[in-house]
Amino acid sequence: MPVDLPMPRVGPLAEHAPRPIKVVLNWGRRYSLWVFNFGLACCAIEFIATSMGSHDFIRLGVIPFAPGPRQADLMVVSGTVTDKMAPAIRRLYDQMPEPKYVISFGACSNSGGPYWDSYCVTKGVDQIIPVDVYVPGCPPRPEALLQGIIRLQEKIAAESLSGAALRRKYAAHRTPSAAELSRPLLLDARHGPAGQVAR
Amino acid sequence: MTTRDIVFVVVGVITALSGLLAVSTRHVVHAALWLLVCLGSLAGCYIVLGQELVGIVQLLVYVGAIVVLVLFALMLTRAPIGPQPDIDAPVWQRVVAALLGAATTALVAAATLPVIGQQSVDLDTPVVTTQQIASAIFGTWVWPFELLSVLLLVALVGAFAVSRVVLARRSRS
Amino acid sequence: MSGLTWLEVVLRAVAVLAAFLVLPLLVGQTEHKVMAHMQGRLGPMYAGGFHGWAQLLADGIKFVQKEDVVPARADRSAFRLAPGVALVPYLVALAVIPLAPGVVGAKVDASALLVLAVIGVGIIGTLMAGWASANKYSLLGAMRAAAQLVSYELPMVLVVASVALAAGTLSLVGIAQAWTPWWLLWQLPGALVFFVAGLAELQRVPFDMPVADSEIVFGPYTEYTGLRFAFFLLAEYAGIVVMALLFAVLFLGGWAGPWAATVGWLWTLLKGLVLAVVVIWFRVSWPRLREDQLQRLAWVWLVPIALLQLAVTAVGVVMMR
Amino acid sequence: MTGNLDRPDPDDLERPVVDLSPPGGAPSKVKGGEPDGGRGGSGLSGILPGIVQGLATTARTMTRHTHTAEYPDVRPQLPPRSRGVIALLDENCTSCMLCARECPDWCIYIDSHKEELPPTTEGGRARQRNVLDRFAIDYSLCMYCGICVEVCPFDALFWSPEFEYAELDIHDLLHEKPRLSQWMATVPAPPALDPGSADPAEVTAAAKPARPARPVRGERAPGPGRPSRPPRADPQQTPPVPPADGDV
C-alpha cells in the first residue's frame with residue numbers, strides 16, 4: 001500500500017536565520033547526532049565495537065540512545081540490505097524527523113559488496129534512501145566509522161538547511177514508495193502459500 | 001475589584017467550562033482530561049480563597065490519584081482515539097441531563113446568590129491555618145473521621161476478599 | 001506571599017526558571033560523564049571543546065531544529081499538550097523546595113504536601129502521551145507508568161507523613177529546621193523507602209519498565225520528536241533534581257552543615273548532587289526489574305515498612321514529648 | 001609474496017589465551033564483575049549480594065583509567081597486516097588481469113593496450129609490451145579478501161593499513177590509478193622474518209654467483225638443452241635446507 005508522504009520541511013528558524021545563527025544551529029546538529037543503528041550483518045558488530053569503551057563514539061556526540069527512529073538524527077545502515085529488508089529500512093527512515101543523516105557502513109550497504117550478484121540483495125542502500133557518507137570496508141574498522149562520522153560532521157558544519165535543499169535531496173528518492181520495493185514471492189496467488197501447494 | 005477577585009473569577013469560569021466540556025464531549029478520554037482540568041482548577045479556587053491545604057489535598061487526591069485511576073481504567077478498555085458513537089448517550093438522555101443540571105444550578109444559585117455581599121472575610125490575614133484544620137479534624141471531628149476511615153478500610157478489605165474469591169474459584173476450575 | 005513586591009515575585013520566578021533549566025542539564029552532563037567513566041569510557045569530549053561540556057546544549061539546539069511530527073492517527077491536541085503537562089509540575093515543585101531558610105522560590109505552608117501533589121500530576125502527561133500517540137507501545141508504556149505511580153505514591157506519602165510527624169510541620173523549611181543527626185537512624189527505613197519510591201516515580205533504572213526499550217521501544221515517548229521529546233527528557237532530569245533536593249531536605253537536613261548560615265544553600269545543592277550521582281550509579285549498575293517484581297516490591301515491602309516507620313515515628317514523638 | 005611468509009609472532013600467539021587475572025595484579029579474590037552474581041563464589045563475592053557487587057564493580061571502574069583510544073587526536077595502533085586499502089605499484093603491473101579475474105567481487109577494472117618496442121639491436125625483432133591505461137578498484141564493492149594481492153605475480157599490489165577514505169559521494173570510492181599509486185607511500189615494510197627461517201627466494205637468487213658469460217654463438221653446444229647451471233658446491237651431498245619451522 002503506497003503512502004504519499006508529504007515533503008518534509010525545516011522549521012522557520014532554520015530556513016530564515018541569519019548566517020551567525022545558522023552557524024550555531026549547524027554546531028548543534030553537528031555534535032548531537034543521536035544514532036539509530038540499522039544493524040543487518042557483521043558490520044553491526046563493528047558498529048557496536050565503535051560504541052563500546054575502547055572507541056566510544058559518544059566522544060564525538062554520536063549518542064546511541066534513541067531506541068526508535070523518531071528521536072534519531074543519524075541512521076547507520078551496517079550490513080547486507082536484502083530486498084526483503086529494504087521496505088523496512090525505508091519505512092524507518094521515513095519515520096525519522098528532518099534534518100536526518102545516513103551513513104552507509106560497509107561494502108554490503110554501499111553497493112551490495114560480496115553479494116553483488118545475489119538475486120535477493122539490494123545493491124546499495126542508496127537505492128532506497130539518500131546516503132550522506134559511505135564508509136568503505138568489509139567490515140570497516142571502528143576507526144573508519146569514526147572517520148566517516150567526522151566527514152559527516154564536517155558536511156553538517158558547512159551545510160545550509162532550507163526547504164529547497166531538502167527537495168533536492170529527495171529529488172531522486174522520493175518517487176518510489178517503500179511498498180513498491182517489495183515484490184510478491186509467489187506469482188500466482190490462487191495456490192496460496194508455498195507449503196500448501198506442496199501438499 | 002481586587003486582583004484576587006479577578007483571579008477567582010477566571011479560575012471559576014475555567015472550572016465551570018471544563019466541567020461542562022467533561023460531560024458534553026464525545027471522546028471518553030477527553031472527558032477524563034476535562035475532568036482533570038475541572039478538579040485542578042477547583043483546587044485553584046480553594047487556593048485563591050486562602051485554603052492552601054484543602055487545595056493541595058484536592059490536587060493530591062483527586063488530580064494525582066483519582067483521575068490517574070480513571071485514565072488507567074479507560075486505557076484498559078481500549079478507549080479509541082476519536083468520538084465513540086456506540087457509547088454515546090441518546091438525545092432524550094442529554095436533554096434530561098441538561099435539564100437536571102440547569103435545575104441544580106438554579107437551586108444552588110438561589111441559595112447562594114442572596115448571601116453575596118452580606119459577610120466578608122479578610123483573606124490577607126489567613127484565619128484558618130494548617131494547624132487549625134488539623135486540630136479540627138483530630139479534635140472536634142475525630143469520630144466522623146475515624147468512622148470514614150473504618151468505612152474505607154472495610155471497602156478495601158472487601159475488594160481484597162472479592163479478588164481472592166475470584167482467584168480461588170479460577171484456580172479450582 | 002502578601003509581603004512581596006511585584007519585582008521580587010518576578011525575580012524569584014526568573015531565578016526558579018533558571019534553576020529549572022540549569023540544574024537538570026547539570027545532572028544530565030554528570031550522567032554522561034559519570035556513566036561513561038563507570039563503563040570505562042570517556043563520554044562526550046568534543047562538543048564545546050573542554051571535555052564536551054556543551055553536549056546537552058548541542059542536544060537542545062538540535063532538538064529545536066527537528067521536524068515536529070504528529071502521527072496521523074494521533075489525538076493531536078492531547079499529543080501536543082502532554083509534554084507541557086509532564087514538565088510544568090516539576091517547575092512548581094522546584095519553586096517550593098527550599099535551598100536554605102530564605103532561599104526558596106515561593107513560601108508555602110504545606111510545601112511537603114504540595115510537592116507530592118504536583119509530582120503526582122506530572123504522570124498525567126505521560127498518560128496523555130501514551131494514549132494520544134495511537135501506538136500500542138506507547139499505550140503499554142503509559143499503563144506501566146500509571147501502575148507504577150499508583151503503587152509508589154502511597155509509600156512515598158506515608159514516609160513523608162512520618163517525617164512531617166517527627167518535625168510537627170508540613171513545611172519543608174520547618175522539617176529541615178527540625179532535623180537532627182539522630183534522624184539519620186530514626187528515619188532510616190523511611191529514607192530508604194522514599195528513595196526507592198522516588199526512583200520508581202521517576203521511572204529510572206531499575207524501575208524503567210515504562211520506557212523499556214527492549215520491550216516497548218520507548219514507552220509513552222515512542223512517537224515524540226524534536227522539542228516535545230526534549231521536554232519529556234527535561235522533565236525526567238528535572239524530576240531527578242526535585243527528588244534529590246527533596247530527599248536532601250527531608251532526610252539529610254538540607255542546609256545543615258558547617259557555616260550553615262552563610263553557605264547553607266550550597267550544602268543542600270551538594271547533598272542533592274550526591275543523591276543524583278547515586279541515581280546515576282544505580283542506572284549504570286543494575287538491570288531492569290520486571291513489572292510484577294516492581295508491584296511486589298511496592299506492596300510487600302515498601303508499604304509495610306512505611307507504615308512501620310510511621311508507627312515508630314509516632315511512638316518516638318510521643319516518648320520524647 | 002614469497003618473501004613474506006606470514007609466520008605468527010609468538011606474542012600474537014599468546015594473546016588469544018584468556019587471562020583471567022585482573023590487570024594490575026589485583027588479588028583474584030575481588031571478583032565483583034563475575035557473571036555468577038556471587039552465588040557460590042568464594043571470598044568477598046560470596047558475602048556481598050549481587051546488587052552491591054554491581055555497584056562495587058562500576059565504582060571501581062570509575063576510579064580506573066579508561067582505555068578509550070582517542071582516534072581523531074591519537075593515531076590508532078593498528079595491528080600488523082591491517083587490511084586498510086590496496087596500493088598499486090603500477091611500474092610492476094603487466095596488465096596480466098589475474099587480479100581482476102580472481103576478484104570475487106569483480107571490483108578491479110583494468111584497461112591496457114599493446115605497444116611495440118623498437119628492437120634494441122640492429123635488425124632485431126620488435127617486442128610487444130602491455131601498457132596499463134587504467135587500473136581502478138571500486139572500494140564500495142571490495143570485500144577486502146586480498147586475493148588480488150596474493151595472486152599478483154609481479155608484486156604490484158600491496159596492503160596498506162590506511163582506512164581514512166570515507167566519501168560523501170559513492171563515485172569517489174572508485175580509486176583510479178593515481179590515487180591507488182598514492183597509497184604506496186603508506187605501505188609498511190614487510191615484517192621481519194623469524195630468526196632461523198630460510199632466506200627469502202629473492203635473496204637466495206641474488207646471492208647466487210653470476211652466470212658465466214655467454215659463449216659466442218658458434219661455440220654453443222649442440223642440442224636443445226639449457227645451458228648447464230653454474231657449478232654448485234656438490235649438490236648431491238647437501239640436500240636443500242628445509243624451512244626452519246617447517247610450515248607444512
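Predicted model: local features only at pLDDT ≥ 70, side-chain atom pairs only at ≥ 80, totals over all residues.
Side-chain values use heavy atoms, with hydrogens and water left out; residues are numbered from 1 along each chain as its sequence is written, and chains are lettered from A and ligands numbered from 1 in the order in which they are written.

Let me stay with chain A. Its secondary structure consists of 8 helices and 5 strands, where helices (H or I, at least four residues) and strands (E, at least two) are DSSP runs numbered from the N terminus. Read from the N terminus on, the order in chain A is α-α-β-α-β-β-α-β-α-β-α-α-α. Of the 199 residues in chain A, 54% count as buried; buried means under 20% relative accessible area, exposed over 50%, and partly exposed in between, with a 1.4 Å probe and protein chains only. Turning to contacts, meaning heavy atoms within 4.5 Å, I consider those in chain A with a separation of 6 or more: residues 24 or more positions apart account for 80% of them.

Chain D may be described in the same terms. Chain D has 7 helices and 5 strands, and from the N terminus on they run α-α-α-β-α-β-β-α-β-β-α-α. Buried residues make up 24% of its 248 residues. Of the contacts in chain D with a separation of 6 or more, 71% join residues 24 or more positions apart. The accessible surface of chain D comes to about 17500 Å², with 57% belonging to carbon and sulfur atoms.

I now come to the interfaces of chain C, beginning with chain A. How many residues does each chain bring to this contact? Chain C gives 35 residues and chain A gives 32 residues. The area buried between them is about 2700 Å², of which carbon and sulfur atoms give 63%; buried area here is the accessible area (1.4 Å probe) that two parts lose on being put together, summed over both.

Between chain C and chain A there are 4 salt bridges, a salt bridge being a side-chain nitrogen of Lys or Arg within 4 Å of a carboxyl oxygen of Asp or Glu. One of them joins the side chains of Lys62(C) and Asp73(A), at 2.7 Å from N to O. There are also 21 residue pairs in polar contact, both residues at pLDDT 80 or more. A polar contact is a pair of N or O atoms within 3.5 Å; within protein, one must be able to donate a hydrogen and the other to accept it, and residues adjacent in sequence count only if both atoms are side-chain atoms.

Which elements of chain C give two or more residues to the side that touches chain A? They are helix H2 (55-65) and helix H10 (226-251). The largest share, 9 residues, comes from H2(C). By type, this side of chain C divides into 19 nonpolar, 8 polar and 8 charged residues. In this scheme Ala, Val, Leu, Ile, Met, Phe, Trp, Tyr, Cys and Pro count as nonpolar, Asp, Glu, Lys and Arg as charged, and the others, Gly among them, as polar.

The interface of chain C with chain D takes 14 residues from chain C and 13 residues from chain D. The area buried there is about 1200 Å², and carbon and sulfur atoms give 68% of it. On the chain C side, Met38(C), Leu42(C) and Trp286(C) lose the most area to chain D, together 38% of what that side buries. The count of salt bridges between these two chains is 0, while 5 residue pairs are in polar contact, both at pLDDT 80 or more. Helix H1 (6-38) and helix H11 (260-285) of chain C are the elements that give two or more residues to this side, and H11(C) gives the most, with 4 residues. The residues on this side of chain C divide into 9 nonpolar, 4 polar and 1 charged.

Is Thr126(C) buried or exposed? Thr126(C) counts as buried because its relative accessibility is 6%. Leaving aside residues up to four places away in sequence, Thr126(C) touches Ala142(C), Ala145(C), Gln203(C), Pro220(C) and Tyr221(C).

Technical notes:
Areas by Shrake-Rupley, 256 points an atom, 1.4 Å probe, with all protein chains shown as cover.
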